[in-house]
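Please read these points with the model open beside you, and look up each residue as it is named.

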Amino acid sequence: QVQLIESGGGLVQAGDSLRLSCAASGRTFSKYAMGWFRQVPGKERDFVGGISMGSNTYYADSMKGRLTISRDNAKSTLYLQMNNLKPEDTAVYYCAARHGVSMRAASYDYWGQGTQVTVSS
């Protein structure tokens with residue numbers, strides 16, 4: 001079992017930056033690939049980006065260039081740095097863990113509870 005807890009969400013203005021964190025506990029964090037997803041009401045959970053065990057990163061085209069995903073295995077923490085936020089980035093953001101990076105939400109084994117990010121115009 002891996003427990004994941006996101007933090008860092010909130011209300012920001014368009015153009016602002018925000019860093020989300022995902023603290024992991026339980027099994028060895030470093031052995032998992034991690035993903036960030038986001039979801040708005042009535043829509044599917046969309047892939048934002050991911051990071052492999054070896055810290056290779058992958059980003060969705062929708063936010064590429066505005067995101068940086070990183071991990072600190074010593075702290076068992078995943079990060080999502082978002083810059084130049086736009087109102088359409090408003091969503092609940094989730095972190096997730098699995099063995100091997102994937103863009104498919106259904107393939108992830110463990111999920112956090114999500115953190116709300118709201119971007120005002």
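Where does Ser76 lie? Ser76 is found in the loop between S7 and S8, where helices (H or I, at least four residues) and strands (E, at least two) are DSSP runs, numbered from the N terminus.

1. On the model itself. This is a predicted model, in which local features need pLDDT of at least 70 and side-chain atom pairs count only at pLDDT 80 or more, while totals for chains, interfaces and linings use all residues. Residues are numbered from 1 along each chain as its sequence is written, and side-chain values use heavy atoms, with hydrogens and water left out.

2. On two backbone angles. Most residues other than glycine have a negative phi. Ser76, however, has a phi near 50°, a positive value in a residue other than glycine, and Asn84, which is not a glycine either, has a positive phi of about 50°. Asn84 belongs to the loop between S8 and S9. Ser76 counts as partly exposed because its relative accessibility is 21%, and Asn84 counts as partly exposed because its value is 43%; here buried means under 20% relative accessible area, exposed over 50%, and partly exposed in between (1.4 Å probe, protein chains only).

3. On the disulfide. A search of the whole structure finds one disulfide, a term that stands for a pair of cysteine sulfur atoms within 2.5 Å. Its partners are Cys22 and Cys95, whose sulfur atoms are 2.0 Å apart, and the link is right-handed, with 60° about the S-S bond. Cys22 lies in strand S3 (residues 18–26) and Cys95 in strand S9, so the pair ties together parts that are 73 residues apart in sequence. Both Cys22 and Cys95 are buried.

4. On the nonpolar cores. A nonpolar core is a set of buried Ala, Val, Leu, Ile, Met, Phe, Trp, Tyr and Cys residues joined through side-chain atoms within 4.5 Å. The largest one has 27 residues, and those with the most contacts inside it are Leu4, Met34, Trp36, Leu78, Leu80, Met82 and Tyr93. Among the elements that give two or more residues to this core are strand S1 (2–7), strand S4 (33–39), strand S8 (77–82) and strand S11 (115–120). A second, separate core has five residues, including Phe37, Phe47, Ala60 and Tyr108.

5. On the salt bridges. Side chains of opposite charge can pair when their charged atoms come close. The structure holds three salt bridges, each defined as a side-chain nitrogen of Lys or Arg within 4 Å of a carboxyl oxygen of Asp or Glu. In one of them Arg38 meets Asp89 (2.9 Å, N to O), and this pair links distant parts of the chain, since Arg38 is in strand S4 and Asp89 in the loop between S8 and S9, 51 residues apart. Another joins Asp61 and Lys64 at 3.2 Å, N to O, and Asp61 is exposed because its relative accessible area is 66%.

6. Arg66 counts as buried because its relative accessibility is 11%, and Asp89 is buried with a relative accessible area of 1%. Salt bridges that share partners join Arg38, Arg66 and Asp89 into one network.

7. On Arg38 in more detail. Arg38 counts as buried because its relative accessibility is 14%. A polar contact of 3.0 Å joins the side chains of Arg38 and Tyr93; such a contact is a pair of N or O atoms within 3.5 Å, where within protein one must be able to donate a hydrogen and the other to accept it, and residues adjacent in sequence count only if both atoms are side-chain atoms.

8. On Arg98. Which strand holds Arg98? Arg98 lies in strand S9 (residues 91–98). Arg98 is buried yet has no salt bridge, and the nearest side chain of opposite charge, Asp109, is 5.5 Å away; Lys and Arg count as positive and Asp and Glu as negative, while His and the chain ends are not counted. The side chain of Arg98 does reach the backbone oxygen of Ser107 at 3.0 Å.
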